[in-house]
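Here is a short tour of a predicted model, with an eye on its ligand site. Have the structure open as you read along.

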Amino acid sequence: ALERTFSIIKPDATRRNITGKVVSMLEEGGLRVIAQKRIQMTKEQAEGFYAVHKERPFFGDLVSFMTSGPVVVQVLEGENAIARNREIMGATNPENADAGTIRKELAESIEANTVHGSDAPETAKDEIAYFFSEDEIVG
Ligand code: CMP
């Protein structure tokens with residue numbers, strides 16, 4: 001089915017000026033950018049977005065990293081977009097990611113792993129609504 005998923009191009013990618021390369025890989029993978037904006041996340045925004053991870057030992061570092069520079073938040077649309085995007089991104093840890101995936105080709109580390117993508121339909125809906133209003137999404 002035609003789905004929407006939420007994506008973040010993380011600070012390691014904006015710092016290296018490779019956001020276009022990431023977008024190309026998403027588009028070549030069959031996804032369409034139907035909303036996009038570059039923002040500086042606040043600490044509160046990052047803590048809220050990653051609230052599910054707040055008991056994890058890496059939570060503080062993750063919030064620091066995600067607020068260390070601009071990010072590009074996106075809504076992506078396509079057939080089975082949630083699973084498709086996860087294939088295009090590759091495993092969370094770039095060392096475990098398949099060749100040709102964004103994280104294998106571009107990520108710096110398990111933390112600075114270049115992209116975030118929603119993991120399920122319910123989280124996709126919530127994550128999209130966390131950053132975008134309906135009028136900003138043009139499918
Ligand atoms: P993301 O898909 O955005 O979801 C949570 C993020 O936490 C993940 O990508 C990584 O950037 C980071 N992360 C996950 N596991 C670890 C870990 N073991 N050590 C450090 N960072 C992690």
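The chain has an average pLDDT of 98, and 100% of the residues score at least 70; pLDDT is the predictor's confidence in each residue, from 0 to 100. The model's scores are ipTM 0.93 and pTM 0.98. Because this is a predicted model, local features need pLDDT of at least 70 and side-chain atom pairs count only at pLDDT 80 or more, while totals for chains, interfaces and linings use all residues. Residues are numbered from 1 along each chain as its sequence is written, and side-chain values use heavy atoms, with hydrogens and water left out.

Let's start with H116, where UniProt, in an unreviewed entry, places the feature "active site"; such annotations may be inferred rather than shown by experiment. H116 sits in strand β4 (residues 115-117), strands being DSSP runs of E with at least two residues. H116 is buried, at 12% relative accessible area (buried means under 20%, with a 1.4 Å probe and protein chains only). Beyond four places in sequence, its contacts (heavy atoms within 4.5 Å) include S7, N85 and E127.

S7 belongs to strand β1 (residues 2-9) and is buried too, at 1%. Its contacts include L26, N85 and H116.

Now to the ligand. Among the residues around it are K10, Y50, R103 and H116, each with a heavy atom within 4 Å. Polar contacts pair N or O atoms within 3.5 Å:

| Residue | Atom in the residue | Distance to a ligand oxygen atom |
|---|---|---|
| Y50 | polar side-chain atom | 2.5 Å |
| I110 | backbone N or O atom | 3.4 Å |
| N113 | side-chain N or O atom | 3.4 Å |

Taken alone, the ligand exposes 450 Å², and the protein buries 78% of that (Shrake-Rupley method, 1.4 Å probe).

How values were computed: Helix = DSSP H or I, 4+ residues; strand = E, 2+ residues; numbered from the N terminus. Buried < 20%, exposed > 50% of the residue type's maximum accessible area, 1.4 Å probe, protein only. Polar contact = N/O pair within 3.5 Å; in protein donor to acceptor, adjacent residues only side chain to side chain.
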